[in-house]
Amino acid sequence: MKSERAERLSLWRVAEQFEHAPLNELGARADSVRLRLHPEGRVTFTSDRNINYTNVCVSRCRFCAFCRRDKDPEAYVLSFAEIGARIEQARAAGAVQILLQGGMNPALGLGWHLDLLRFIRSEHPIHVHGYSAPEIDFLCGQSGLPLPAVLERLVASGLGSIPGGGAEVLSSRVRRRVSPRKIGVRRWLEVHEAAHRMGLRTTATMVYGLGETFRDRLVHLRHIQRLQARTGGFTAFIPWSFQPGNTTMDIAKSGPALYLRILAVSRILLDNVPNLQVSWVTQGPEVAQLALYYGANDFGSTMMEENVVRAAGCSFKVMDESAIAALVRGAGFIPALRHQDYSLIRTL
């Protein structure tokens, strides 16, 4: 009990320190961590396309503007042929992977997803970075299979890595308020740990601005830090701000100063996660460029298609490889294309 109380007090003190420290001071500390981890001065990114196979979801999270009920006129499920066509369009434009995610759709069982992955592998081979922890947990419930068995089937069918979606803020208090039907903190961590244990690499994310406290954010970072210490399976951490448009949450959109503060704190505390990614989709290219001085070393992706953030009314112009490379060079770094595991393809 004493150690738990001491830890809570310590967390409060750290939260106070990071919430009120001068922003440029935090940026300098974060940049020193980035320089230690990536002394070559390279900023990476990948070329990909987001494919949301369905927008039907039973979670009905309050912060989501993308999901629809199954009877909604805007509800959809993409056919395998439609998904294949989008992959080929992406490959023609230079994509090396796809991000495959959707809602928790009761009409799509585990077999449908396994067939989709096998279809992609045989007809449109490309790295599939897909199926967030809530989706995987939902498939466990649908199929009645334990988590390791579901993961093994997904990987055997063609899943290459798992995105960090569904984390939002890893605080039970926050999740009960904004996403009560979605998996809890412990289950999100369990899915990622199980994936890491079987050699599957994943990313970690945080969506802030949901009415959480700075201490809640530090609890989130502590969960990621501790899991990474056990498994080493996270390739990157990606924080981004909640976009309130078209949602049921009456919360003002946060500004770039808070984004840079959270990014810097993430780099300082998560020094065991090798890569920190900017979010130009939510922050815009100029703030994303500035973020390279606040600890980030990765520019995310070209993101040829993005639907979830766009549904919340946030839409920046899509950037191709040359546009991202120009921003990276303009900040004084060397741009380089990468695979999902951060192995390099080529410098630009």
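Tutor: Start with Tyr-131, in the loop between β4 and α5 (133–143). The model is predicted. Phi of Tyr-131 is near 65°, a positive value in a residue other than glycine.

Student: Why is Tyr-131 called buried?

Tutor: Its relative accessible area is 0%. Buried means under 20%. Therefore Tyr-131 is buried.

Student: Which loop holds Tyr-342, and what is its phi?

Tutor: Tyr-342 sits in the loop between β9 (334–338) and β10 (344–347). Its phi is near 75°, positive in a residue other than glycine.

Student: Is Tyr-342 buried or exposed, and how do you know?

Tutor: The relative accessible area of Tyr-342 is 14%. The limit for buried is under 20%. So Tyr-342 counts as buried.

Student: What makes His-124 buried?

Tutor: His-124 has 13% relative accessibility. With the cut-off at under 20%, His-124 is therefore buried. Its place is in the loop between α4 and β4.

Student: Why is there said to be a polar contact between the side chains of His-124 and Glu-88?

Tutor: Take the distance: the side chains of His-124 and Glu-88 make this contact at 2.8 Å. A polar contact needs a pair of N or O atoms within 3.5 Å, one able to donate a hydrogen and the other to accept it. So the pair of His-124 and Glu-88 qualifies.

Student: Which residues is His-124 in contact with, leaving aside its neighbours within four places in sequence?

Tutor: Gly-84, Ile-87, Glu-88, Arg-91 and Phe-119.

Student: What makes Val-77 partly exposed?

Tutor: Val-77 has 37% relative accessibility. Buried is under 20%, exposed is over 50%, and partly exposed is in between. Therefore Val-77 is partly exposed. It is found in the loop between β2 (48–52) and α3 (80–92).

Student: How far apart are Val-77 and Val-56, in sequence and in space?

Tutor: They are 21 residues apart in sequence. C-alpha to C-alpha, Val-77 and Val-56 are 7.7 Å apart. Beyond its neighbours within four places in sequence, Val-77 is in contact with residues including Tyr-53, Asn-105 and Trp-112.

Student: Now strands. What makes β3 and β4 a pair?

Tutor: Strand β3 (residues 97–101) and strand β4 (residues 127–130) share four bridges, in the parallel sense. Two strands pair if there are at least two bridges between them, so β3 and β4 pass. Leu-99 stands opposite His-129 in β4.

Student: What unit do β3, helix α4 and β4 make?

Tutor: A right-handed β-α-β unit, with α4 covering residues 110–123.

Student: How do you know that β6 pairs with β5 and with β7?

Tutor: Count bridges. Strand β5 (residues 202–208) and β6 have seven, in the parallel sense. Two bridges join β6 to strand β7 (residues 275–276), also running parallel. The requirement is at least two, so both pairings hold. Thr-202 has Phe-234 in β6 as its bridge partner, and Ala-236 stands opposite Asn-275 in β7.

Student: Why is strand β6 called mostly covered?

Tutor: Strand β6 spans residues 234–241, and seven of its eight residues are buried. The chain goes from β5 through helix α9 (residues 214–231) to β6 in a right-handed β-α-β crossover.

Student: How do you know that the length of α10 agrees with expectation?

Tutor: Helix α10 (residues 256–269) has 14 residues. At 1.5 Å a residue it should span 20 Å, and its end C-alpha atoms are 20 Å apart, so the values agree.

Student: What makes α10 largely enclosed by the rest of the structure?

Tutor: 10 of its 14 residues are buried, so the helix is largely enclosed. Among them are Tyr-259, Leu-260, Arg-261 and Ile-268.

Student: Which residues touch the most other members of the largest nonpolar core?

Tutor: Leu-100, Trp-188 and Phe-299, in a core of 81 residues. The largest share of this core, seven residues, comes from α10. Another core, of six residues, lies apart from it and includes Val-169 and Phe-242.

Methods:
Residues numbered from 1 in each chain as written. Predicted model: local features only at pLDDT ≥ 70, side-chain atom pairs only at ≥ 80, totals over all residues. Heavy atoms only, no water. Right-handed = clockwise from strand over helix to strand, strands pointing away. Buried < 20%, exposed > 50% of the residue type's maximum accessible area, 1.4 Å probe, protein only. Contact = heavy atoms within 4.5 Å. Expected span 1.5 Å × (residues − 1). Core = buried A, V, L, I, M, F, W, Y, C linked by side-chain atoms within 4.5 Å.
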